[in-house]
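Reader: I have a structure open and would like to talk it through with you. Could we begin with how the chains meet?

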2 protein chains.
Amino acid sequence: MKSRWNWACALSTVAMLAVTGSSQSSETRGATFTKAGELMLPKGYRKWMFIGASITPNGLNSGSAPFPEFHSVYVELDNFRSYQKNGKFPEGTVMVKELSLVQPGKHPDGSLDSASGRGYFPGSLNGLDVMVKDSARFSKTNNWGFFTFGHHAQPYNATAKESSTTECASCHIANVAKTDMVWVRYYPLLSVQID
Amino acid sequence: MKSRWNWACALSTVAMLAVTGSSQSSETRGATFTKAGELMLPKGYRKWMFIGASITPNGLNSGSAPFPEFHSVYVELDNFRSYQKNGKFPEGTVMVKELSLVQPGKHPDGSLDSASGRGYFPGSLNGLDVMVKDSARFSKTNNWGFFTFGHHAQPYNATAKESSTTECASCHIANVAKTDMVWVRYYPLLSVQID
């Protein structure tokens, strides 16, 4: 009877894993490309590890900042841990940068007054950029490909073509090639040990 | 033999749950208080749902902002979803606000120049504040208790006494009592449907 209850247990275990997995069915792992080579919009990234949000508002950039929104950056936890261990991100790493408009303020620099002080506060979501590490696919741009799913409110585009080198990669290559193409200096959480 | 393999399966399932749980053993759920009534430092909160990071830098607040750091706010996913469904947070909700220093810039307002523009970028971690919803324990402050685990670099304090009403609660009561004591206007992600 040993084999019988092992088999039954195995079934039970498979069923249990299926149930556990089902709660994450709308999430994607890593990068998924269409047959035409476009990147599909990642899902579930707001449950990934948040590593920082910087802000370069229009009010401090002559009214036309390259990125006038808050940049909230997310990476999957295992890739985060791998970076901490090895100082570089593993093949297949996906980094998501979600943009949030700045809530309009009355000061010339665009800041607003709140009970906690004068400053900048996130508003509506306004776009999604993604970078994917794939040394075979993106060897010409230092192993990373760059994608924009629209700089606008949701819904974001379902797929995105690789951005041209001059749009994204060239600036990363010029400035942060030594830190695996990521602006790690602006994401100190990357060096924080987490539970 | 049926009872035997049921028993064996039960053991197997328990063992599996124990293993599944062990990967999260360093995380806490909800609020834990000491016998003396102090709140214990939450763990694992950086894997909770990030809902926004605002910034009120010293450079825009005459050199002495009440909160000169980035405020990164986290809440557990099920409490986030409950808020979306009911417009209020359930009993036992814990909200964590982690503070990050602003990287020093050369402009009078403290902003710095980067390749992506002039603005504010997070630096080292510098403190942790927590609010807990418990209508029995904190009935005098509109159902929420407020705690500070230190405004300094890690490690944060292991436990925290409830802050006095004037330190935190009074401002929340005066300004955001109608939105369950949370500054929801500054966390638009609370209204975004997530996967």
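Reader: How many residues does each chain put into the contact?
Author: This is a predicted model, and in it the contact draws 60 residues from chain A and 60 residues from chain B.

Reader: And what area is buried between chain A and chain B?
Author: About 4700 Å² is buried between chain A and chain B, and carbon and sulfur atoms give 67% of that area. On the side of chain A, the residues that lose the most area to chain B are A:R46, A:Y186 and A:D195, which together make up 14% of what that side buries.

Reader: How many salt bridges are there between chain A and chain B, and how many residue pairs are in polar contact?
Author: The count of salt bridges between chain A and chain B is 0, whereas 6 residue pairs are found in polar contact across this interface, with both residues of a pair at pLDDT 80 or more.

Reader: Which elements of chain A supply the side that touches chain B?
Author: Several helices and strands of chain A each supply at least two residues to that side, including α1 (2-22), β2 (49-55), β7 (122-133) and α3 (169-176). The element that gives the most is α1(A), with 8 residues.

Reader: How do the residues on that side divide into nonpolar, polar and charged?
Author: The side of chain A that touches chain B has 30 nonpolar, 20 polar and 10 charged residues.

Reader: Changing topic, in what order do the strands of the sheet in chain A run?
Author: In chain A, 5 strands form an open sheet in the order β2-β3-β4-β7-β8, and their pairing is antiparallel. The edge strands of this sheet are β2 and β8 (144-148) of chain A, each of which pairs on one side only. On average, neighbouring strands of the sheet are turned by 25° against each other, with direction ignored.

Reader: How many bridges join β4 to β7(A)?
Author: Strand β4 of chain A, residues 94-102, is joined to β7(A) by 7 bridges, and the two run antiparallel.

Terms used. Residues are numbered from 1 along each chain as its sequence is written. Chains are lettered from A and ligands numbered from 1 in the order in which they are written. This is a predicted model: local features need pLDDT of at least 70, side-chain atom pairs count only at pLDDT 80 or more; totals for chains, interfaces and linings use all residues. Side-chain values use heavy atoms; hydrogens and water are left out. Contact means heavy atoms within 4.5 Å. Buried area is the accessible area (1.4 Å probe) that two parts lose on being put together, summed over both. A salt bridge is a side-chain nitrogen of Lys or Arg within 4 Å of a carboxyl oxygen of Asp or Glu. A polar contact is a pair of N or O atoms within 3.5 Å; within protein, one must be able to donate a hydrogen and the other to accept it, and residues adjacent in sequence count only if both atoms are side-chain atoms. Helices (H or I, at least four residues) and strands (E, at least two) are DSSP runs, numbered from the N terminus. Ala, Val, Leu, Ile, Met, Phe, Trp, Tyr, Cys and Pro count as nonpolar, Asp, Glu, Lys and Arg as charged, and the others, Gly among them, as polar. Two strands pair if DSSP finds at least two bridges between them. Axes are lines fitted to C-alpha atoms, for helices over the stretch in contact, and angles run from 0 to 180 degrees between N-to-C directions.
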